[in-house]
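Please read them beside the coordinates.

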Amino acid sequence: MLLENKVALVTAGASGMGRSGSETFAAHGAHVYVVDMNAEAAKEVVEGIRSAGGSATACVVDVRDLDALKALAEQVTAEHGRLDVLYNNVGIPGAAGLDMQVEEWDTGIEINARASFFLSGYLTDALKAADNASVIFTSSTSGLVGSPFSPMYSFTKGGVIALVRSMALALAPDGIRVNAIAPGSVETPGLPAFFRASPEETEKRKAAFFAQIPLGRAAQPEEIAQVALFLASDMSSFVTGVTIPVDGGLTAK
């Protein structure tokens with residue numbers, strides 16, 4: 001029970017890596033705010049957590065809406081007075097290539113960078129009220145090396161890494177740790193979107209990409225969640241300002 005009696009919030013917490021993070025945090029004793037645009041999915045995750053003996057609240061929020069994010073922060077503060085773990089997991093692949101509409105660019109920036117920046121700011125007082133609070137961002141190996149699929153995605157995820165370093169320095173005097181996870185390929189419902197091809201071609205591209213990974217496969221969401229658990233818990237009490245690749249050795253080459 002590494003997060004016993006702690007309060008955690010997970011954005012995009014109802015599917016893929018976010019869902020696994022929500023369930024893992026709850027299994028280790030945290031009350032989890034499962035934040036997602038999909039109301040049914042959020043409800044399903046919360047019901048599953050509760051049926052397993054855990055505690056969770058579903059929050060339906062469009063992270064592009066800053067007023068909604070501010071209201072979410074106010075809700076968490078009113079209900080618990082503090083936040084021990086903020087898992088800024090939300091993100092999208094975004095439009096491919098260099099030929100995109102301004103609206104597509106803006107959406108990628110809003111979801112992959114702006115939302116987490118402002119939510120972290122709105123929740124700073126709640127994080128300060130906790131003991132050894134942890135903020136976790138989901139970056140990507142595409143933030144460490146270039147992405148042939150989406151330069152915009154690499155731009156936002158690389159920016160997350162720089163933001164993590166800066167926030168870690170800014171918040172260290174308040175005892176708040178800030179770190180990032182940089183997943184490689186992860187077997188989630190959103191994985192095919194990164195390959196931007198027909199189902200048949202996607203399978204070919206996945207196989208070719210996986211062959212480049214030293215461990216020879218994609219990660220499972222649970223493997224990302226275990227790293228998030230480490231960063232959320234007191235096991236990482238002296239770790240801040242770092243980005244941990246969880247990529248099967250891809251960026252080690």
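1. In this predicted model, the side chain of Asn112 comes to 2.8 Å from the backbone nitrogen of Ile92. The side chain of Asn112 also forms a polar contact of 3.2 Å with the side chain of Thr156.

2. Asn112 belongs to helix H4, which covers residues 102–122, and because its relative accessibility is 1%, under the 20% cut-off, Asn112 counts as buried. Leaving aside residues up to four places away in sequence, Asn112 touches Gly91, Ile92, Tyr153, Thr156 and Val160.

3. How do the axes of H4 and helix H6 (residues 151–171) cross? They come within 10 Å and cross at roughly 15°, and since angles under 35 degrees count as roughly parallel, the two helices are therefore roughly parallel to each other. The crossing of H4 and H6 is right-handed. On the H4 side the contact includes Glu104, Trp105, Gly108, Ile109 and Asn112, while on the H6 side Tyr153, Thr156 and Val160 are among the residues that make it.

4. H1 is mostly covered, with 9 of its 12 residues buried; among them are Gly16, Met17, Gly18, Ser20, Gly21 and Phe25. Just after H1, Gly29 adopts a positive phi of about 100°, a backbone value that may be checked directly in the coordinates shown above.

Conventions. Residues are numbered from 1 along each chain as its sequence is written. This is a predicted model: local features need pLDDT of at least 70, side-chain atom pairs count only at pLDDT 80 or more; totals for chains, interfaces and linings use all residues. Side-chain values use heavy atoms; hydrogens and water are left out. Helices (H or I, at least four residues) and strands (E, at least two) are DSSP runs, numbered from the N terminus. Buried means under 20% relative accessible area, exposed over 50%, partly exposed in between (1.4 Å probe, protein chains only). A polar contact is a pair of N or O atoms within 3.5 Å; within protein, one must be able to donate a hydrogen and the other to accept it, and residues adjacent in sequence count only if both atoms are side-chain atoms. Contact means heavy atoms within 4.5 Å. Axes are lines fitted to C-alpha atoms, for helices over the stretch in contact, and angles run from 0 to 180 degrees between N-to-C directions. Angles under 35 degrees count as roughly parallel, over 145 as roughly antiparallel, 65 to 115 as roughly perpendicular and the rest as oblique. A crossing is left-handed if the near helix is turned anticlockwise from the far one by less than a right angle, and right-handed if clockwise.
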